[in-house]
Amino acid sequence: MKITKLVLLITLLFLSCRVQAQQTAFTVKVTGQGDPVLLLPGFTCTADVWQETVAALSATHECHAFTFAGFGGVPPIDMPWLPTIKTQLIDYIKTKKLKSATIIGHSLGGTLGMWLVTSEPALFRKLIAVDALPCTGALLMPNVNPNQMVYDNPFSRQQLAMDSAQFHQMARQMAAGMCLTKARHAQLVDWIMKADRKTYVYGYVDLLKLDLREDLAHTTVPMVILAATYPDRQRVEATWNQQLAKLREKRIYYADQSAHFIMYDQPAWFITKIQENLR
């Protein structure tokens, strides 16, 4: 009898250690009832970036708004960061039995949405990608092969070594470039400053390594793009035509007078386009 109890205790301890070892890649706020919508935020942002969107949609849709590990106070996880988030998102959708979910993803969240719909098309009804490219690395570093990027590189080391004042100055410059609505800058800076530094640096390498341009040729999930036009619409349109060249059917709406955070620079236009494309 004592041996049986000892074996049972060891088994429970082993299972407990397994559960503790499973790192959680995100937290979720669920609001509303209706067809499921997954709201994936951009880099460093929390679920609150979708606050106005959830308010507009939750009367008719079940909104699942995510905050990823390392951002907004959610504990960081081990690398690779983005592949782990993707795997756990698929597990979440299957566990919750969400049928024909629509993804609305901003920036990194939109790119992650492209990865999800090209990998598991049967799970999704549509993707609405908000200023999100299939290969960010090709835009920012056109002469670098994304597959050759590594976590430990001179730029990563420079960012990891920044003190708080230097990081805050960089955050303010980034906020000014990504959003024309000055009243929102403090929020964007706050999200960047609260990000786990290692996740901020190495998680972005995960994004830069991702190249989905060829995968788009085979997707069967309808895809809608909401694109910011600041600072040069002609250059923006050229970038989209290059990045989405393999996508057979695409619908792109260009938001004038808007930088990267379209939901803040053109809020009425943004909600209208989201609602039109959810019908």
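This briefing covers the sheet, the helix packing and the salt bridges of the structure above. The model is predicted. A search of the whole structure finds nine salt bridges.

- Strands of a sheet pair through backbone hydrogen bonds, in either a parallel or an antiparallel sense.
- β2 (residues 35-40) and β3 (residues 61-68) pair in the parallel sense, over five bridges.
- In β3, H61 stands opposite D35.

**Helix packing**

- Helix α3 (residues 81-95) packs against helix α9 (residues 197-209) at about 75 degrees. The axes of α3 and α9 are 7 Å apart.
- Angles of 65 to 115 degrees count as roughly perpendicular, so α3 and α9 are roughly perpendicular to each other.
- On the α3 side, the contact involves W81, L82 and P83. On the α9 side, T199, G203, D206 and L207 take part.
- By class, the α3 contact with α9 has four nonpolar, two polar and one charged residues.

- Side chains of opposite charge can pair when their charged atoms come close.
- R184 pairs with E52, and their closest N and O atoms are 3.1 Å apart. R184 sits in the loop between α7 (164-178) and α8 (185-194), and E52 in helix α2 (residues 51-57), so this pair ties together parts that are 132 residues apart in sequence.
- R184 is partly exposed, at 27% relative accessible area. E52 is also partly exposed, at 36% relative accessibility.
- R157 forms a salt bridge with D152, with the closest N and O atoms 2.6 Å apart. R157 is partly exposed at 44% relative accessibility.
- D256 forms a salt bridge with R233, with the closest N and O atoms 3.0 Å apart. D256 lies in the loop between β7 and α11 (262-265), and R233 in helix α10, so the pair ties together parts that are 23 residues apart in sequence.
- D256 is partly exposed, with a relative accessible area of 42%. R233 is partly exposed too, at 33%.
- A network of salt bridges links R233, E237 and D256.

Technical notes
Residues numbered from 1 in each chain as written. Predicted model: local features only at pLDDT ≥ 70, side-chain atom pairs only at ≥ 80, totals over all residues. Heavy atoms only, no water. Pairing = 2+ DSSP bridges. Helix = DSSP H or I, 4+ residues; strand = E, 2+ residues; numbered from the N terminus. Axes fitted to C-alpha atoms, helices over the stretch in contact; angles between N-to-C directions. Parallel < 35°, antiparallel > 145°, perpendicular 65-115°, else oblique. Contact = heavy atoms within 4.5 Å. Nonpolar A, V, L, I, M, F, W, Y, C, P; charged D, E, K, R; others polar. Salt bridge = Lys/Arg side-chain N within 4 Å of Asp/Glu carboxyl O. Buried < 20%, exposed > 50% of the residue type's maximum accessible area, 1.4 Å probe, protein only.
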